[in-house]
Amino acid sequence: MEPIVTSSPEPTVVIVPGLRDHVADHWQTLLAERLDAVRTVPPLERDKLSLAARIAALDTVLDDIDGPVVLVAHSAGVAITVHWAQQASRPVQGALLATPPDLEEPLPAGYPTPADLEQGGWNPVPRRRLPFPSIVAASTDDPMARFRRVAGMAESWGSKLVDLGAVGHLNPVAGYGYWPYAEELLRELINSTATPAASFA
């Protein structure tokens with residue numbers, strides 16, 4: 001990433017994966033390998049469909065970090081982040097929210113059922129404005145959510161909406177892999193939310 005000129009420390013990037021947790025060739029994993037100050041929320045050993053357990057895991061990572069934080073969430077990681085934000089006391093500098101799923105609609109085969117998600121506490125998806133700046137990166141052909149629904153979520157959250165075009169669910173099944181645009185969006189988010197460095201005459 002290009003240098004970020006601020007008067008405050010460079011933020012730690014916290015990766016918030018979706019329900020698949022750690023995937024070696026996922027763009028979040030590959031992004032983490034390219035960053036210096038980065039932490040990833042670890043996989044759950046049990047209660048994998050418990051939203052409360054997912055939020056607790058995110059809290060544990062954040063509690064161990066001093067200084068500013070930027071969240072990078074994908075898929076159900078976006079839902080975790082948005083739910084976390086409704087009750088969080090720790091401030092974060094911003095969040096990149098990539099291809100959020102529409103958990104209020106039935107998901108494709110192989111994913112949790114509406115009943116499973118209801119039992120896990122995932123619904124309804126919060127529609128309140130997030131307490132930090134955010135970018136929602138949305139796909140026009142995501143099998144996990146219709147673009148119009150994601151655009152509505154972004155508006156409710158007060159997020160900047162970025163139309164990625166037809167990128168599926170932005171995962172290895174869709175051909176991603178290393179996703180260089182993640183670094184560009186992350187840099188934009190950090191630079192736009194950083195405290196400007198003092199200027200001297």
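I began with the aromatic rings: Trp27, Trp179 and Tyr181 form one aromatic cluster. The model is predicted, so I kept local features at pLDDT of at least 70 and side-chain atom pairs at 80 or more, while totals for chains, interfaces and linings use all residues. Residues are numbered from 1 along each chain, and side-chain values use heavy atoms, without hydrogens and water.

**Aromatic pairs.** I searched the whole structure and got two pairs. Rings of Phe, Tyr and Trp (its six-membered ring) pair if their centres lie within 6.5 Å; planes under 30 degrees apart are stacked, over 60 edge-to-face, the rest tilted.

The centres of Trp27 and Trp179 lie 4.9 Å apart with planes at 70 degrees, so this pair is edge-to-face. Trp27 sits in helix H1, and Trp179 in the loop between strand E6 and helix H6, 152 residues apart. (Helices, H or I, of at least four residues and strands, E, of at least two are DSSP runs, numbered from the N terminus.)

Trp179 and Tyr181 have centres 6.0 Å apart and planes at 85 degrees, so they are edge-to-face too.

**Buried or exposed?** I checked Trp179. Its relative accessibility is 7%, so Trp179 is buried (under 20% relative accessible area; exposed is over 50%, partly exposed in between; 1.4 Å probe, protein chains only). Tyr181, at 29%, is partly exposed.
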